[in-house]
Amino acid sequence: MEILKLAVSGWFARALAVAARLEIADVLGDGSMTAAELAKRTETDPDVLYRLLQMLTVPGILERDGDAFRLAEAYAPLRADHPFTQRHFAILSAELYDDAFAGLMHTVKTGRSGFQEVFGESLYAYLETHPETAELFDQGMIDLAAPVAHCLVQQHDFSGAATVVDVGGGSGGLLPGILGAHPGLKGVVADRASVCARGTAALGRVRDQEVLDRISYVPSDFFASVPAGADRYLLKNVLHDWTYDNCVRILRTVATAMAESPADARLLVLEPLVENDIDGWRAMFQAVACDEGTLGLDEPAMRRALEEGGFTVASVTQLPTGHKVLEAALRAA
Ligand SMILES: C[S@@+](CC[C@H](N)C(=O)[O-])C[C@H]1O[C@@H](n2cnc3c(N)ncnc32)[C@H](O)[C@@H]1O
């Protein structure tokens, strides 16, 4: 039975993505509805929707309320209006990433990129020519970043800093949580030009206009240069995309920018590192979908990369989100 459960688990991920695309959690809200009512609201086939709803009760996403179904409390973040919504990431993961996993055998046999095998190009090259998926990707990253910002500001003191640069920051999903907690702090997102062009619109879910007004976008290639002279630099969920050597290249770019910063400037690397068996699935994602040859870094390897990149690690802490935060200063020349 265990084999059977695991063998069909991909179907449940797809069912979750379909439910998220149909906005079933949003339509249900805090109430309950029958399949027939939900089918009308979502313009779906009532009999098949009923089977989907039944299927979603198996992992506990939906609960029965007589003939009706309601959203289980633990799955409230499936709603788009939840402050820490995970709706877009659920779709991204169960669709694009799952499609890339069709290349898993290729990756296991050859050590090469499954994404490249399936899509004929790398993830970020693919996103350049597939705007709808790129927007979904941006939103998925904001989903993941918002809870991290919430935890980070409780642990890291940004007071005294005037500017923070989020390198490879996507649409800037990490910044509203940080800037909201630090009046006056300005945020700069340094990401690919196409991502920056969508940035302001992508952050549309953020209601605080005053915070949004403090965020700007500087199209950048982090292998070439990023905005210089800031008080804080952030690299969140960026380095795991790249091989060790490319991580060092990115870190050197940041070090060059930080050479123009005040002496107390800091770089914060936030990464869910690969350190135990339980992290194996994450490392496999990196092998399949990231820079060819990426297998995940543990803390000693990340420290080495930072040292080689020109930094001294001042502290390492852990966030409840599973990220380690490596705080680093530029190494004195
Ligand atoms: C996994 S996402 C993480 C986004 C964001 N830091 C977060 O955690 O929400 C990696 C980001 O790196 C950006 N990126 C990839 N290659 C880049 C490059 N050469 N220069 C700048 N940004 C790049 C991608 O566009 C993407 O936004």
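Trainee: How many Å separate the centres of domain 1 and domain 2?

Mentor: Domain bounds come from an automatic or database domain assignment. Here the centres, taken over C-alpha atoms, are 32 Å apart, with domain 1 covering 1–81 and domain 2 covering 91–330. Their contact takes 7 residues from domain 1 and 4 residues from domain 2; two residues are in contact if their C-beta atoms, placed from the backbone, lie within 7 Å. Keep in mind that this is a predicted model, where local features need pLDDT of at least 70, side-chain atom pairs count only at pLDDT 80 or more, and totals for chains, interfaces and linings use all residues. Numbering starts from 1 along each chain as its sequence is written.

Trainee: What order do the strands of the open sheet have?

Mentor: Strands are DSSP runs (E, at least two residues), helices likewise (H or I, at least four), numbered from the N terminus. Two strands pair if DSSP finds at least two bridges between them. This open sheet has 3 strands in the order β1-β3-β2, with antiparallel pairing. Its edge strands, β1 (32–33) and β2 (62–65), each pair on one side only. Between β1 and β3 (residues 68–71) there are 2 bridges, and S32 stands opposite R70 in β3.

Trainee: Now L267: is that residue buried or exposed?

Mentor: Count the other C-beta atoms within 10 Å, with C-beta atoms placed from the backbone: 20 or more is buried, 12 or fewer exposed, in between partly exposed. L267 has 28, so L267 is buried. You'll find L267 in strand β8 (residues 266–271). Leaving aside neighbours within four places in sequence, the contacts of L267 include Y233, F311 and A328.
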